[in-house]
Amino acid sequence: MAIASTMLALGTELPAFTLPDVRSGGTVATDDLKGDALLVMFICNHCPYVKRIMSGLAQFGRDYEGSGLDIVAVASNDATTHPEDSPDELAKVADRNGYVFPVLYDESQDVARAFSAACTPDFFLFDSDRKLVYRGQFDSARPSNEVEVTGEDLRAAV
């Protein structure tokens, strides 16, 4: 079932977080992210909308690697009710898709609540002052259409 994003107000300050990286076993904190801009993406493995753009997310990450844009993905689903969104499964999908950005696991869902993230995928772009400058879609590709996955909306915002 599609759920509408609740959308933080533009200009909102980046909510602080420290979360485990499902691949490295270490943690990533907002204080570690020192790029000129920061993209926080809420994703998961089971969502048909995320599945539709996975290769595009991987390409987006490669295209912006080393550019000054820090990118992190956050997965906040309960692994008990969604076992395909467990840290181990998230790591497997990240590796299989070639994600070059960390995939973080928000077991408590506190980070998702701080961002008012209610659906996947959900994208939050922060500027160098860590103020929200974009929240919205990756592009117009959906499971129900044949639109090419390009990330054009998010690329335009970056």
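This is a predicted model: local features need pLDDT of at least 70, side-chain atom pairs count only at pLDDT 80 or more; totals for chains, interfaces and linings use all residues.
Trainee: Let's start with the rings. How many aromatic pairs does the structure hold?

Mentor: There are 9 aromatic pairs. Phe42 and Phe124 make one of them, with 5.8 Å from centre to centre and 85° between the planes.

Trainee: Why is the pair of Phe42 and Phe124 called edge-to-face?

Mentor: Two values settle that. The centres are 5.8 Å apart, and rings pair if their centres lie within 6.5 Å. The planes are at 85°, and an angle over 60 degrees counts as edge-to-face, so the pair of Phe42 and Phe124 gets that label.

Trainee: Which parts of the chain does this pair tie together?

Mentor: Phe42 belongs to strand β3 and Phe124 to strand β6, so the pair joins parts 82 residues apart in sequence.

Trainee: How do you know that Phe42 and Phe124 are buried?

Mentor: Buried means under 20% relative accessible area. Phe42 has 3% and Phe124 has 0%, so both count as buried.

Trainee: What makes the pair of Phe60 and Tyr64 tilted?

Mentor: Their planes are 40° apart, with 4.6 Å between the centres. Stacked needs an angle under 30 degrees and edge-to-face one over 60, and the rest are tilted, so 40° makes this pair tilted. Phe60 and Tyr64 sit 4 residues apart in helix α1, about one helical turn. Phe60 is buried at 1% relative accessible area, and Tyr64, at 16%, counts as buried as well.

Trainee: Which residues do ring pairs link into a cluster?

Mentor: Phe17, Phe42, Phe115, Phe124 and Phe126.

Trainee: Now the cores. Which residues touch the most other members of the largest nonpolar core?

Mentor: Leu39, Met41, Leu57 and Tyr99 do, in a core of 32 residues. At least two residues come from each of β3, α1, β4, α2, β5 and β6. Helix α1 gives the largest share, 7 residues. Leu57, setting aside neighbours within four places in sequence, is in contact with Met41, Ile43, Tyr99, Phe101, Phe123 and Phe138. Another core, of 19 residues, lies apart from the largest one, and its members include Phe17, Val40, Phe42 and Ala112.

Trainee: On to charges. Why does Asp21 have no salt bridge, with Arg23 as the nearest side chain of opposite charge?

Mentor: Arg23 is 4.7 Å away, whereas a salt bridge needs the nitrogen within 4 Å of a carboxyl oxygen. Asp21 lies in the loop between β1 and β2, and its side chain reaches the backbone nitrogen of Ser24 at 3.5 Å.

Trainee: What makes Asp95 and Arg23 a salt bridge?

Mentor: The closest N and O atoms are 3.4 Å apart. The limit is 4 Å, so the pair qualifies. Asp95 is in helix α2 and Arg23 in the loop between β1 and β2, 72 residues apart.

Trainee: Why is Asp95 called exposed, while Arg23 is partly exposed?

Mentor: Exposed means over 50%, and partly exposed lies between that and 20%. Asp95 has 52% and Arg23 has 29%, so they fall in those two classes.

Trainee: How many salt bridges does the count come to?

Mentor: The count is 5. Among them, Arg155 and Asp63 meet at 2.9 Å, N to O. Arg155 lies in helix α4 and Asp63 in helix α1, so this pair ties together parts 92 residues apart in sequence. Another salt bridge joins Arg113 and Asp110, with the closest N and O atoms 2.8 Å apart. Those two are 3 residues apart in helix α3, about one helical turn.

Key:
Residues are numbered from 1 along each chain as its sequence is written. Side-chain values use heavy atoms; hydrogens and water are left out. Rings of Phe, Tyr and Trp (its six-membered ring) pair if their centres lie within 6.5 Å; planes under 30 degrees apart count as stacked, over 60 as edge-to-face and the rest as tilted. Buried means under 20% relative accessible area, exposed over 50%, partly exposed in between (1.4 Å probe, protein chains only). A nonpolar core is a set of buried Ala, Val, Leu, Ile, Met, Phe, Trp, Tyr and Cys residues joined through side-chain atoms within 4.5 Å. Contact means heavy atoms within 4.5 Å. Lys and Arg count as positive and Asp and Glu as negative; His and the chain ends are not counted. A polar contact is a pair of N or O atoms within 3.5 Å; within protein, one must be able to donate a hydrogen and the other to accept it, and residues adjacent in sequence count only if both atoms are side-chain atoms.
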